[in-house]
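Take a look at the structure below.

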Amino acid sequence: MSDAMRDAFGKKLAELGATHPELVVLDADVSSSTKSAYFGKAFPDRFYNVGVAEANMVDIAAGMATAGYHPVVNAFAIFLALKATDQIRNTICYNNLPVIIAGAYGGLSDSFDGASHQAITDIAIMRALPNMQVLVPADAKQAEQALEYALKQTGPVYIRLNRNAMPDLPVAESIGTVCSAEGTDVTIAANGITASFANEAAALLAKDGIKAEVLSVPVVKPLDVDTLKASVAKTGKLLCVEEHVLAGGFASSVSEAFMKQGISCKFDAIGIEDKFTETGAYVPLLAKYGISAENIALRAKELCK
Amino acid sequence: MNTTVKELLSQPDRKFNAKELALLAAYFRSVMFDVLHQRGTGHWGGAASSAELTTCLYFNRLNIKADDPKWEDRDRLILSKGHASVNLYTMLSHRGYFPVEDLPSFRTLGSHLQGHPCMKEVPGVDMSTGALGHGISIGLGMALAAKQSKKNFWTYVITGEGCLNEGQSWEALMSAAKFKPENFVLMIDYNKVQLDGTEDQIMPLGPLAEKLKAFGWNVCPKAYDGNNTEDVLDSFAWMDSEGAWPKAVVYDTIKGKGVSFTEGKNTWHGAVIDDDSFAKGIVELNADIEKKEAAL
């Protein structure tokens with residue numbers, strides 16, 4: 001376990017600021033939480049704290065993006081996805097502007113603050129927007145890679161970040177699908193921080209003689225269908241795991257792609273059912289809503305019956 | 001097209017004087033009325049209300065190059081009241097950004113002249129607008145980019161009441177007063193009539209100038225007549241005078257200006273201009289063109 005994703009992201013912003021003069025950073029009075037303050041300290045002339053006004057912040061960034069800048073807007077994921085949806089859709093995405101939407105405290109990671117602060121619908125919203133790419137890093141390194149990738153794009157990218165320090169995964173060269181365990185019995189496709197739980201689940205399944213293949217899939221859009229398809233061709237079974245409601249998120253995007261391409265397999269998905277979440281310590285909270293090694297192993301085992 | 005207007009428009013890069021601008025605005029208003037009648041869709045009231053503001057900007061004020069719409073040092077104009085799109089398209093086409101002959105394709109399938117302005121489709125549109133309340137924030141971003149890159153271009157935002165009903169506008173007003181970028185101007189087309197009724201019936205904004213001042217803006221002490229080109233040019237002189245940034249000008253205007261039975265009527269916000277209304281209205285608009293020509 002290394003830095004929390006938000007620390008890694010904030011430090012990377014500050015690092016890239018030195019080599020990317022077009023990089024400007026905006027925050028909505030949560031820079032000490034999102035850690036964009038690292039950039040603010042290093043480059044105060046390129047840092048704008050706009051107060052608690054996410055919609056305004058996104059459109060300011062859009063204006064800057066039309067004049068040669070590559071802005072990164074930072075706020076809690078839930079408030080970017082909900083309070084600034086109109087601005088992200090009608091200004092950023094419609095005009096395909098290079099603005100990076102960095103959604104902090106993604107999923108249930110703002111666990112103690114409760115349902116009002118937990119982003120469980122952001123991925124569905126973002127992936128529905130034309131031109132938007134959607135990245136959900138699994139660990140600190142992937143968060144850095146997501147930022148590096150996003151800065152190379154000429155259009156918008158949403159990056160969902162996590163508040164807490166999570167276990168590190170095997171490192172890939174750039175943001176993309178990582179296979180952390182090879183297997184032939186069942187494919188577990190884990191989005192974001194659920195990947196570390198999927199890895200633990202694979203170890204549990206191995207004890208029962210089930211060989212699970214674990215794919216960490218951080219890119220929801222554009223979806224890496226080929227890697228998923230190749231894995232499922234071996235296993236014939238797919239369990240998707242995500243820290244998001246099941247409607248419209250990662251599992252939805254996988255099942256849509258599979259249906260369209262006629263890829264047939266036994267399928268299950270773990271995510272938040274059609275309900276609001278609650279306050280609590282992060283890991284037990286995730287477990288209550290199905291995201292735990294034990295539950296992933298259980299559901300994978302059921303698929304293998 | 002009237003020959004005097006034709007003569008003027010043959011020199012689109014010229015800085016026209018107030019009387020010439022009044023004639024052009026009268027002509028452009030007739031073009032808008034004609035296009036909206038032909039199409040049977042679009043927004044007459046707010047397009048007519050802004051005719052002098054946009055004419056004076058495009059034919060006297062803006063530092064722009066029609067043959068280089070993306071010129072990075074150009075002045076920016078954001079029509080935050082994007083429903084007045086036919087007004088913007090009329091200006092841009094007559095300023096040389098695209099053929100005037102394209103105007104009748106407004107709002108038809110396949111046309112680049114979308115219902116509301118789209119910067120990806122139309123050269124010269126600095127920002128896509130339509131959803132109300134975005135313009136001041138976006139303009140602030142452009143003005144901050146100018147400041148950041150030490151460029152001198154100006155950013156103008158035109159709003160109506162609708163934009164100022166939106167909460168985002170007031171977030172933007174607050175933040176502009178915090179960052180104080182230079183060369184950033186808010187022009188309010190204050191016709192006091194909304195879609196469903198008058199401003200007083202729907203959402204009273206007054207005292208508007210005082211509210212803007214309280215939000216930290218340098219507000220022009222004079223409420224200019226936004227349908228009078230001499231007044232609009234005077235307001236430009238005020239923008240150029242010494243004074244703190246950002247600056248705002250509140251223009252008194254008339255919704256549906258130029259056609260007696262549409263003036264000040266909320267029902268003409270987006271009503272279809274039928275044949276009968278067109279026949280009556282165009283007579284008045286043409287008479288105004290003749291009057292403005294005689295006054296040259």
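At what angle do helix α6 of chain B and helix α8 of chain B pack, and how far apart are their axes? This is a predicted model, and in it the angle is about 25 degrees. The axes lie 8 Å apart. Helix α6 of chain B covers residues 135–148, and helix α8 of chain B covers residues 167–179. Angles under 35 degrees count as roughly parallel, so α6(B) is roughly parallel to α8(B).

Now look at the residues that meet. From α6(B) come B:Ile136, B:Ser137, B:Leu140 and B:Leu144. Facing them in α8(B) are B:Gln168, B:Ser169, B:Ala172, B:Leu173, B:Ser175, B:Ala176 and B:Phe179. Sorted by class, this contact of α6(B) with α8(B) holds seven nonpolar and four polar residues. Charged residues are absent from it.

Next, the two chains. How many residues of chain A are in contact with chain B? The count is 23, and they meet 23 residues of chain B. On the side of chain A that touches chain B, α4 (54–65) and α6 (85–93) of chain A each supply at least two residues. The most comes from α4(A), which gives eight residues. By class, that side of chain A has 11 nonpolar, nine polar and three charged residues.

Finally, the confidence scores. Chain B has a mean pLDDT of 97, and 100% of its residues reach 70 or more. For the model, ipTM is 0.97 and pTM is 0.97.

Technical notes
Residues are numbered from 1 along each chain as its sequence is written. Chains are lettered from A and ligands numbered from 1 in the order in which they are written. This is a predicted model: local features need pLDDT of at least 70, side-chain atom pairs count only at pLDDT 80 or more; totals for chains, interfaces and linings use all residues. Axes are lines fitted to C-alpha atoms, for helices over the stretch in contact, and angles run from 0 to 180 degrees between N-to-C directions. Helices (H or I, at least four residues) and strands (E, at least two) are DSSP runs, numbered from the N terminus. Angles under 35 degrees count as roughly parallel, over 145 as roughly antiparallel, 65 to 115 as roughly perpendicular and the rest as oblique. Two residues are in contact if their C-beta atoms, placed from the backbone, lie within 7 Å. Ala, Val, Leu, Ile, Met, Phe, Trp, Tyr, Cys and Pro count as nonpolar, Asp, Glu, Lys and Arg as charged, and the others, Gly among them, as polar. pLDDT is the predictor's confidence in each residue, from 0 to 100.
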